[in-house]
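Hi everyone, thanks for making time.

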Amino acid sequence: AQNGATCVYVRDAMINGNPGHATTWMQELVKKNIQMPWAAFMTVRPAPEDLIALAAQSGCEHVQIGVETLNQDLRKDNGKAISNEHTLEMIERCHRHGIEVTAHIVLGMPGETEETLEQTYQNIHRYGFDYVALNLAEHRPGIPWDKQNRILPVLPDGNSGPELDMLQAWQRKMYRRFYLRPARLAKEGMARLKTGDFQDALSLTASVTSWLKN
């Protein structure tokens, strides 16, 4: 705050991966009355009510979670056996304590089909996410699928597999489905106007226009 910061983004992929450490850190923020809004990545589990409540008390206003896919079988096959029910429970807890949630979803993981993409499209607005980030599966050195000779759609050399155009089309459809709902647009626009951030409001308008054209 002394350097002019108004919020803090904690660069930690799993801030609650060690609940004891996270609890101690948050308790210290409360104890020292450090009133600085912060945001971070969290895992869906463990995220009990008391941890979420403490996060809010210590200044947390936003968390990002890795949902990966809304298809539970596909998620499990790719090494993330967290149910949709657990995801919904965490989002409800966060909202009870005034914390917004961004969901990160990956399109094109091994096993992805038109059917699983359609499932994500049909349900992306039904989970209570405040924001979504739709990422295309990228083939990086050392990922577990290397050993299985499975190539992900986005290649590190800048080339791409044949699925990329199809995935990008789904990505655009899903963004439109989520962000172009009238209630969602009204909420986003009012939030920007309330803070007087007219430049951000213009940016939102430009983004919406671009999605409509595509």
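Let's begin with Thr-120, which counts as buried because its relative accessibility is 1%. Buried here means under 20% relative accessible area, exposed means over 50%, and partly exposed is in between, using a 1.4 Å probe and protein chains only. Thr-120 sits in helix H5, residues 114–123. Leaving aside residues up to four places away in sequence, Thr-120 touches Thr-69, Leu-70, Ile-105 and Met-174. By contact I mean heavy atoms within 4.5 Å.

A quick word on where this comes from. This is a predicted model, in which local features need pLDDT of at least 70 and side-chain atom pairs count only at pLDDT 80 or more, while totals for chains, interfaces and linings use all residues. Residues are numbered from 1 along each chain as its sequence is written, and side-chain values use heavy atoms, with hydrogens and water left out.

Now the overall picture. The chain has 8 helices and 5 strands, and along the sequence they follow the pattern β-α-β-α-β-α-α-β-α-β-α-α-α. Helices (H or I, at least four residues) and strands (E, at least two) are DSSP runs, numbered from the N terminus. Of the 214 residues, 41% count as buried. If you take the contacts with a separation of 6 or more, 72% of them come from residues 24 or more positions apart.

Next, the aromatic rings. How many aromatic pairs does the structure hold? There are 5 aromatic pairs. One of them is Tyr-175 with Tyr-179, a tilted pair at 6.0 Å centre to centre with 35° between the planes. Rings of Phe, Tyr and Trp (its six-membered ring) pair if their centres lie within 6.5 Å; planes under 30 degrees apart count as stacked, over 60 as edge-to-face, and the rest as tilted. Both tyrosines belong to helix H6, residues 164–179, and they are 4 residues apart, about one turn of the helix. Phe-178 and Tyr-179 also pair, this time edge-to-face, at 4.8 Å centre to centre and 80° between the planes. Are Tyr-175 and Tyr-179 buried or exposed? Both are buried. Tyr-179 counts as buried because its relative accessibility is 14%, and Phe-178 is buried with a relative accessible area of 1%.

There is another ring to look at, Tyr-121. Lys-173 lies over the face of Tyr-121, 4.7 Å from the ring centre. The charged end of Arg-177 also sits over the ring of Tyr-121, at 4.8 Å from its centre. For a charge to sit over a ring, NZ of Lys or CZ of Arg must be within 6 Å of the ring centre and within 35 degrees of the ring normal.

Let's turn to a pair of helices. H1 (residues 19–31) and H2 (residues 49–57) pack at about 35°, with axes 9 Å apart. The axes are lines fitted to C-alpha atoms over the stretch in contact, and angles run from 0 to 180 degrees between N-to-C directions. Which residues of H1 and H2 make the contact? On H1 they are Ala-22, Thr-23, Met-26, Gln-27 and Val-30, and on H2 they are Leu-51, Leu-54, Ala-55 and Gln-57.

Asn-16 lies in the loop between strand E1 (8–10) and H1. At 0% relative accessibility, Asn-16 counts as buried. Its contacts, again not counting residues up to four places away in sequence, are Ala-22, Met-42, Thr-43, Pro-46, Ala-47 and Leu-51. The C-alpha atoms of Asn-16 and Pro-46 are 7.0 Å apart, although 30 residues separate them along the chain.

Pro-46 itself is found in the loop between strand E2 (38–42) and H2. A cis peptide bond joins Arg-45 and Pro-46, with omega about 0°. For background, most peptide bonds are trans, and most residues other than glycine have a negative phi. Asn-33 is not a glycine, yet has a positive phi of about 55°. Asn-33 lies in the loop between H1 and E2, and is exposed, with a relative accessible area of 51%. Glu-68, in strand E3 (residues 60–68), also has a positive phi, about 70°.

That's my tour, so please send me your questions!
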